[in-house]
Amino acid sequence: MINPPTTTSTQGDVTGAGTQTGKGWFYTDTVKDHFFHPKNFMDDEAVYRAQFPDAAVGMVGSPACGDAMKIWIAVDPETRRIKDLKWKTFGCASAIASTSMMSVIVTEGEGKTLEEARALRPQDIMERLGGLPARKVHCSVLGDKALRAAINDWYRKQGETENIEIEHGRVIDPETKVTDHDIEEAVLDGCDTLEKVQAKLKVGIGNPACVPEVENLIRFYKEKYFGA
Amino acid sequence: MTKRLIYLDHASTTPTDPRVVEAMLPYFTETFGNPSSFHSVGMEAKKAVAEARKSIAQRLNAQEDAIIFTGGGTESNTLAIQGIVRAHRAAIAPAKPHVVTSAVEHHAVLEPLLALKKAGEIDLTIVPVDAFGMVSGKEVLAAVTDATILVTIMMANNEIGTIQPIADIGRGLLARRKERKTVYPYLHTDACQAAGFLSLDVEKTHVDLLTLNASKIYGPKGIGLLFVRRGVKVSPIMIGGGQERGIRSGTENVPGIIGFAKAFALVSEEREAESARLTVLRDRLVEGLLAIPKSRLNGHPTERLPNSANVSFLDIEGEAAVLYLDAEGIMASTGSACASTSLDPSHVILATGLSYEAAHGSIRFTLGHATTAEDVERVIAVMPGIVERLRRISPVNLDMKYFEKTTV
């Protein structure tokens, strides 16, 4: 026997219309294409390792929170361009499609430089996908974070620790790698409750131990910006 | 050749039986009257509603006036819960009304209860379930206090199909009431999923309130009922013209009621044969799916609805699998968080003690009238490839221990 997890209601309050706005449930044809025919996924790591022995790796998320992504990049040390990007994703259609689209964006043409890749934003991935349902936005955020983790790993392997870019802020949830900065932005975006912040960032879903700290931060930023 | 569409989501909703549609049709354009009107077309409608009510009541072994038609299962559950709490809180004062429920109830039961709790109107005990999703009758009875006015436990679970020991709970509550010389607590059951498969005889289950809807039994959507045992007071949610003994005002949904009665008659007549047929198909489906490595059956191995198979696959996420199945023409559902309106995966599967990891990879197949042995074989043929494909692009490779215990 375990304790029942359902102890709080998320409904029944008076809320304005539009809490479920966004683009609805349906995926664009581009999302479907990348979901059903994923590009550049890591099929055989042994083969890849033989081809790119210096490949760098980044991983974020966890199967407990419903999304996990791992990214391998091969970088030309001269041009600092990403020659190759492979990935594996555990997650829903938008998570798979986002990672697949990201791999295309990063490697198209002569490949993005590490700095260009770092500048890639989740919005850029979503735009190329033709949009994602509102509740699926976090999927593209995770892919973006995995890419930046892989870039840091490459610099680390090169011994260029000065180029490692630590995410602004402090990691609150090691599983989702959500930082206090992410929570600050979520509050600024109007997420004024734990439920809403979790809906956006998934923070603490698979790692409830960090929830009290998340709640403290929400309170802190609400006071800071809205005086409430 | 076009691919046959295989609909295996009957727990979400069933198609309307053509015989039901046929029975309903005259009530849209010919016998369209308002049962409250005194002219002939109104009287005809009133008579038809009365006959439908009688037909349903007989099959529930209930009095006709115990049947309150509503707008569906969710309304019936809210009416039962709010209605009992608000009609009886004065009787229990100064104690605060207490309600006992289970961890695996449908949201249409849990959410109204949690809302009442949040508003300070009730105290609530949520009784846990075992690894098969079954509540213990003993634990339910042990949770009852002198302030308990309502126990609400579903008859069978919508996600994992586990059948709850309602009759045991009913008998236990009867004994307690007799011993303590009180009418409380009342017993409510949500029988929406059970209706096509289990006997709903209210004298055998000893329930005081029972929720039923038409859209799970090949009837139309938007019509349900609440059985309210004679003598049990329920406060209305909607007030107005005083229809349905003042418990549910609003002009009767006459075609819906006619269709509901027809659908209930049909599933009741076909219940035993259909249950036997689907049990064979379900067991074959489960056997075939469990041949896939790193899979597990969710719910009770035997005490489960004949049409329900819920299986978790490690290392893959349910929504992705459901969409790949859909592309093959197979319609199923998932308890994954990604496919629901909440963030957590299914509260039902989590309540059975399964890890978040494994809950995200749960797929539910619910069979129905149209399901054939060929359909089941097709799922069994297609599913291993889908799981394998998704595992190939998944960075996760979990140990089977994730099926054993909650890891968080």
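1. Start with helix H4 of chain A (residues 114-119). Glu115(A) and Arg118(A) lie three residues apart there, which means about one helical turn between them. Helices here are DSSP runs of H or I with at least four residues, strands are runs of E with at least two, and both are numbered from the N terminus. The two side chains form a salt bridge, with the closest N and O atoms 3.4 Å apart. A salt bridge requires a side-chain nitrogen of Lys or Arg within 4 Å of a carboxyl oxygen of Asp or Glu. Glu115(A) is partly exposed at 41% relative accessible area, whereas Arg118(A) is buried at 11%. Buried stands for under 20% relative accessible area, exposed for over 50%, and partly exposed for values in between (1.4 Å probe, protein chains only).

2. A note on the basis. This is a predicted model: local features need pLDDT of at least 70, side-chain atom pairs count only at pLDDT 80 or more, and totals for chains, interfaces and linings use all residues. Residues are numbered from 1 along each chain as its sequence is written, chains are lettered from A and ligands numbered from 1 in the order in which they are written, and side-chain values use heavy atoms, with hydrogens and water left out.

3. Helix H2 of chain A (residues 45-51) holds another such pair. Arg49(A) and Glu45(A) are four residues apart, so about one helical turn separates them. Their salt bridge spans 3.7 Å, N to O. Arg49(A) is partly exposed at 29%. Glu45(A) is partly exposed too, at 33%.

4. Glu377(B) forms a salt bridge with Arg284(B), the closest N and O atoms being 2.7 Å apart. The pair links distant parts of the chain: Glu377(B) belongs to helix H13 (residues 373-392), Arg284(B) to helix H9, and 93 residues separate them. Glu377(B) is partly exposed at 35%, and Arg284(B) is partly exposed at 31%.

5. Salt bridges also form a network, linking Arg177(B), Glu203(B), Asp208(B) and Arg229(B). Over all chains, the whole structure has 41 salt bridges.

6. Look next at the open sheet in chain B. Its four strands run in the order S9-S10-S13-S12, with antiparallel pairing. Strands S9 (295-298) and S12 (333-334) are at the edges with a single partner strand each, so one side of each has no neighbour in the sheet. Pairing requires at least two DSSP bridges between two strands. Five bridges join S10 (residues 308-313) to S13 (residues 362-366). Val311(B) stands opposite Ile363(B) in S13(B).

7. Two cis peptide bonds deserve a check. One runs from Ala93(B) to Pro94(B), with omega near 5°. Pro94(B) sits in the loop between helix H4 (73-92) and strand S3 (98-102) of chain B. Another joins Tyr184(B) and Pro185(B), with omega about -5°. Pro185(B) is in the loop between helix H7 (166-180) and strand S6 (186-190) of chain B.

8. Check the backbone of two non-glycine residues as well. Lys181(B) has a positive phi of about 50°. Its place is the loop between H7 and S6 of chain B, and Lys181(B) is exposed at 77%. Glu244(B) also has a positive phi of about 50°. Glu244(B) lies in the loop between strand S8 (224-228) and helix H9 (254-290) of chain B. Buried or exposed, at 8% relative accessible area? Glu244(B) is buried.
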